[in-house]
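We will go stop by stop.

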Amino acid sequence: MISRFFYFLALLTSVWTSAQVTILADTDKKVLQVKERFVLYVIQEVNGSDLIQETPLRTPDLSKFTIVGQGSVRQTYGDPATNTAINQLVYEFLLEPKTTGKLRIGSFLVTVNGKIYMTDPIDVLVKEGDTRREVDVVDDDKVYFDLKVDQQDLYLFQPTLAIVRAYSKDFNNLRKVGAVHVESSGQVQVRPVSLRKADIVQERETASQVLAVLIIHPKTSGKIQIPAPGVQYTDSDRKTETIKAKTPVLKVKELPANTPKGFNNAVGNFILALKSAAVDGIVEQSKPTEIILSLKGEGDFANIDFPKIIASDAYSIYPPKTQFIPSKGSNGLKGEYIARYLIVPKVQGQFQVLMEPFSYFNPKSAEFTVVETPKVLLTALSPEQVSSNKSAMEKVNEYTNNVLETVNTPVIETAKFQVKEESEINWNALFLNYLLIGGFLILLLYLFTTYKRHSSLDSRFKEKILSTTKGLYEMDPSLQQLVKDYLAQMRNHAVANHSTSYFDTFANLVTALNTASIAGGFEDLKEYLKVAKGPQIMEDFRSIKQQMEIEKYAPEHSSEHLLELYYQLKDLLNKIL
């Protein structure tokens, strides 16, 4: 569930440049059934360190929904272009509608620097459906599998996507899940799109994981039970067994009567095109040319009998080279089928390239659509006519290409030159070379000596500064016991998940460290860290302090995350003190 927030971060990027505070909300589904879960996303971005969030995120009335789970993701980074800090908070709510009808999710509110920012309301349409929950997890030591389809009410030959998912209260049980095996029947075809397991998602007490994405293709009408996929599972005794997933029943409707000509089980929405690669439709007799057939749209392309080019006495035709280009994120149900034919004209003059009729059933309009058969008009010329129609430049280019392809290019031999050896040594040139080499070595020696002297001065200067700097415990002997007490209190508050007391104790700890730094002659704690511990330690302390501020205003706090921040702070204080 958390992985989907990157889509909304991309949406947020298009808006954040025009405002310093941005808050958006959206859902992953707008139409659903009773008891069908969906995800509500809220993204909040504060751009600038001078903006102070005065209230936590205030949620609207969600009494018409069951809150199955919720969580948040925090991200802080700097924008090098504007030299400002950007804080991003992504909240996610897993909801389940209680009633049917058009339900409204109100606005989320947050107050920053005295100004209230809010999201737009969101409407979702809830229809009647199967009120059974996806899975009823009862035992902590068990794992459950089910298959859920996008649509249960279908027409014959209409495909739908299905997801095989695993559930368990024990997170580690999902790590024991193996491969998924699917099978078809005489009533329905089950074809895998992806058998790659997704990341495990924790939703309050229940963890879940997507195991496979399938395409369901009904071959008969009526009520059809989808064959249950088998999932391999290895228990704690290392025994492997195959567990069948729960599957729904499809309600498949018959197609209308009076099927039109050219219908070959194509259910969906399609656009058909036919074009030639020839310029202006001019081709040469007895020379091959390419005809491209394209079928683009939405449907189960794997089970469609595609139309073909009709044979003719005017040309010879060869089997096509075909390819399917799926649309991104469509799982194979959207894309374009392309067939490339080679035809060779047998006669001169004009002729038409025709294709077989094609029609399809559109489930949205519940009616057949007969596609107007496209055609290509070509004109075949003799080789002499094609040559006479070419310009002088085209003839020169063609002649040049023929020469380069057929004529062997001669290899020109080059004369070999040999430098005559000198019988006498040129002492002047030799002395000049030695002089240049010696001068270069003296220059290198001078640069090395200068660098070493400056490095020695810098190190002595740094040692002098650090030698005058005392530790905080030396400047305030009572600070050591005070820090231990504050850390012990923070750990107890984190274990008990008392977030308010936890952050108050942290504020008292920072105040004590700041007081000890001032007592030691420094302006504040920041100056002490910069002088005594270096810029890196100073930046680490600033970062963990900022994390505490962000976490303080999060709507939900977990004991695990508070302990994680505690241990980060403790490790850093060991380096400082």
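Helices (H or I, at least four residues) and strands (E, at least two) are DSSP runs, numbered from the N terminus. Counted that way, the chain has 10 helices and 30 strands. This is a predicted model: local features need pLDDT of at least 70, side-chain atom pairs count only at pLDDT 80 or more, and totals for chains, interfaces and linings use all residues. Residues are numbered from 1 along each chain as its sequence is written, and side-chain values use heavy atoms, with hydrogens and water left out.

**Whole chain**

Start with everything shown. Buried means under 20% relative accessible area, exposed over 50%, and partly exposed in between (1.4 Å probe, protein chains only). Of the 577 residues of the chain, 37% count as buried. Contact means heavy atoms within 4.5 Å. Among contacts with a separation of 6 or more, 70% join residues 24 or more positions apart.

**Stop 1: the loop with Ile 52**

Select Ile 52. This residue sits in the loop between β3 (38-47) and β4 (65-79). Ile 52 is exposed, with a relative accessible area of 53%. Beyond its neighbours within four places in sequence, Ile 52 is in contact with Thr 111, Val 112 and Asn 113.

**Stop 2: Phe 157**

Move to Phe 157, in the loop between β11 (153-155) and β12 (160-168). Its phi is near 70°, a positive value in a residue other than glycine. Is Phe 157 buried or exposed? Phe 157 is buried, at a relative accessible area of 16%.

**Stop 3: α6 against α7**

Select residues 479-495 for α6 and 499-519 for α7. The two helices pack at an angle of about 165°, with their axes 9 Å apart. Axes are lines fitted to C-alpha atoms, for helices over the stretch in contact, and angles run from 0 to 180 degrees between N-to-C directions. α6 is therefore roughly antiparallel to α7. Angles under 35 degrees count as roughly parallel, over 145 as roughly antiparallel, 65 to 115 as roughly perpendicular and the rest as oblique.

α6 passes α7 in a left-handed crossing. A crossing is left-handed if the near helix is turned anticlockwise from the far one by less than a right angle, and right-handed if clockwise. Show side chains at the contact: from α6, they include Leu 482, Tyr 486 and Met 490, and from α7, Tyr 502, Phe 506 and Leu 513. The contact residues divide into 13 nonpolar, five polar and no charged. Here Ala, Val, Leu, Ile, Met, Phe, Trp, Tyr, Cys and Pro count as nonpolar, Asp, Glu, Lys and Arg as charged, and the others, Gly among them, as polar.

Between the two helices, pick Asn 497 in the loop. Asn 497 has a positive phi of about 60° although it is not a glycine. It is partly exposed, with a relative accessible area of 34%.

**Stop 4: along α7**

Keep α7 selected. Among the buried residues of α7 are Phe 503, Val 510 and Ala 516.

Zoom in on Ser 517, also in α7. Ser 517 is buried, with a relative accessible area of 0%. Leaving aside neighbours within four places in sequence, Ser 517 is in contact with Leu 472, Phe 522, Asp 524, Leu 525 and Tyr 528. After α7 comes Gly 521, with a positive phi near 100°.

**Stop 5: α8 and α9**

Select 525-533 for α8 and 535-552 for α9. Their axes come within 7 Å and cross at roughly 145°. Leu 529 and Lys 533 of α8 are among the contact residues, as are Ile 537 and Phe 541 of α9. This contact has six nonpolar, no polar and three charged residues.

**Stop 6**

Finish with α10, residues 559-576. Its 18 residues should span 26 Å, and the end C-alpha atoms are 26 Å apart, which agrees. The buried residues of α10 include His 561, Leu 563 and Ile 576.

Bring α7 back. The axes of α7 and α10 come within 12 Å and cross at roughly 15°. The two are therefore roughly parallel to each other. Their crossing is left-handed. Ser 499, Tyr 502, Phe 503, Phe 506, Leu 509 and Leu 513 in α7 meet Leu 562, Leu 565, Tyr 566, Leu 569 and Leu 573 in α10. These residues divide into 10 nonpolar, one polar and no charged.

Technical notes
Expected span 1.5 Å × (residues − 1).
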